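Here is a short report on one protein chain. It begins with a single side-chain contact and then widens to the whole chain.

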Amino acid sequence: MDEPLDPREERRRADEARVAQAGERWRARSRRVRLYRRLLPILILALAGATLTWTVFRTVMSDVERRASQTQGIELEKPMFHGQDDQGRSFTVGAQGAVRDPATGQFRLIGPALKLNLGGAKVTEITADGGQYDPDGRNVVIGPNVRISDGGSGFTLTTPEAVVDTRTGVVTGSKGVQASGPLGSLTASSYAIYDQGERVEFKGSGDTKIRGVFNVAGS
């Protein structure tokens, strides 16, 4: 049977145990402090890097979105543009649809349909699959599958491209043309329509050696 400890020895052992536990807690706290001192700078740098990366990313994305919004065209459904040439004769540029380029102010036309000299006895109508309208440059370039008809004479031209000068009302093309009407039919390399369809000039070279003027108004 063990002999009971001396009370003083028992207190001494208890004091040593408390001191040992306190020392162990202090060492554990010290290890945590050293760990935090190492991790906190890394965490701060990581947060600062993430913040800087996010700021740069948002700046770049905002710039991309701004550029996209500036370059995105404005779509119009069934637009109709009205104007007058230098002699006060009216014309309209209609289309099934159009997209305005904000950078140039020009319109890309879908299924354009032009009418010249609306107030006159004859109306020259021009249709195509597509085209480009430049209000500032005052011209319209349309094609392919251009069809030009003059309601007064029954004269019809088919051509890959037509250029309409809205200042003068003159229509020209240099990519070949086929014409048919009361005077027959012909094929030429280029053409020009003056006086709102009353005078048509044809030119040709190679296999289409033709040069002449049809005065439709007098036909």
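## Arginine 89

A polar atom of the arginine 89 side chain lies 3.3 Å from the backbone oxygen of threonine 168. The model is predicted. Arginine 89 sits in the loop between β2 (80–84) and β3 (90–94).

Is arginine 89 buried or exposed? Its relative accessible area is 19%. The cut-off for buried is under 20%, so arginine 89 counts as buried. The arginine 89 side chain also makes a polar contact with the side chain of aspartate 85, at 2.7 Å.

## Aspartate 85

Where is aspartate 85 placed? Aspartate 85 belongs to the loop between β2 and β3. Arginine 89 is found in the loop between β2 and β3 too.

Aspartate 85 has a relative accessible area of 7%. That value is under 20%, so aspartate 85 is buried. Its side chain is joined to that of arginine 89 by the 2.7 Å polar contact.

## The chain as a whole

The chain exposes about 14300 Å². Carbon and sulfur atoms supply 54% of that area.

Key
Residues are numbered from 1 along each chain as its sequence is written. This is a predicted model: local features need pLDDT of at least 70, side-chain atom pairs count only at pLDDT 80 or more; totals for chains, interfaces and linings use all residues. Side-chain values use heavy atoms; hydrogens and water are left out. Accessible areas come from the Shrake-Rupley method with a 1.4 Å probe; for residues, only the protein chains shown count as cover. Helices (H or I, at least four residues) and strands (E, at least two) are DSSP runs, numbered from the N terminus. Buried means under 20% relative accessible area, exposed over 50%, partly exposed in between (1.4 Å probe, protein chains only). A polar contact is a pair of N or O atoms within 3.5 Å; within protein, one must be able to donate a hydrogen and the other to accept it, and residues adjacent in sequence count only if both atoms are side-chain atoms.
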